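I want to look at one residue and its surroundings, then step back to the whole chain.

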Amino acid sequence: MSITRIVMATAGTFILISLLLAHFVNPNWLWFTTFVGANLLQSAFTGFCPLVTILKKLGVRSAEAI
């Protein structure tokens, strides 16, 4: 799995989990959903994503290696 797909899967998973937590536990979990969405938006414009840096250090191949 490439870095791009891991980032998309992780972001989607975080959003779904935080929505479930907001519904069943506490609505303040929506702030986590907001954080994930804002991080996706800023990474689209700047090209910087903290998860990508972590994954590269762990040796995950980039999308260009396909």
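I began with contacts: setting aside neighbours within four places in sequence, Ser18 is in contact with Trp29, Phe32 and Thr33. Contact here means heavy atoms within 4.5 Å.

Some housekeeping before going on. This is a predicted model, where local features need pLDDT of at least 70 and side-chain atom pairs count only at pLDDT 80 or more, while totals for chains, interfaces and linings use all residues. Residues are numbered from 1 along each chain as its sequence is written, and side-chain values use heavy atoms, with hydrogens and water left out.

Back to the residue. I placed Ser18 in helix H1, residues 3-24 (helices are DSSP runs of H or I with at least four residues, strands are E runs of at least two, numbered from the N terminus). Is Ser18 buried or exposed? I found Ser18 buried, at a relative accessible area of 0% (buried is under 20%, exposed over 50%, partly exposed in between, with a 1.4 Å probe and protein chains only). I also checked the Ser18 side chain, which reaches the backbone oxygen of Ile15 at 3.0 Å.

Then the whole chain. I counted three helices and zero strands, in the order α-α-α along the sequence. Of the 66 residues, 18% count as buried. The C-alpha trace spans about 40 × 25 × 15 Å along its principal axes.

How values were computed. A polar contact is a pair of N or O atoms within 3.5 Å; within protein, one must be able to donate a hydrogen and the other to accept it, and residues adjacent in sequence count only if both atoms are side-chain atoms.
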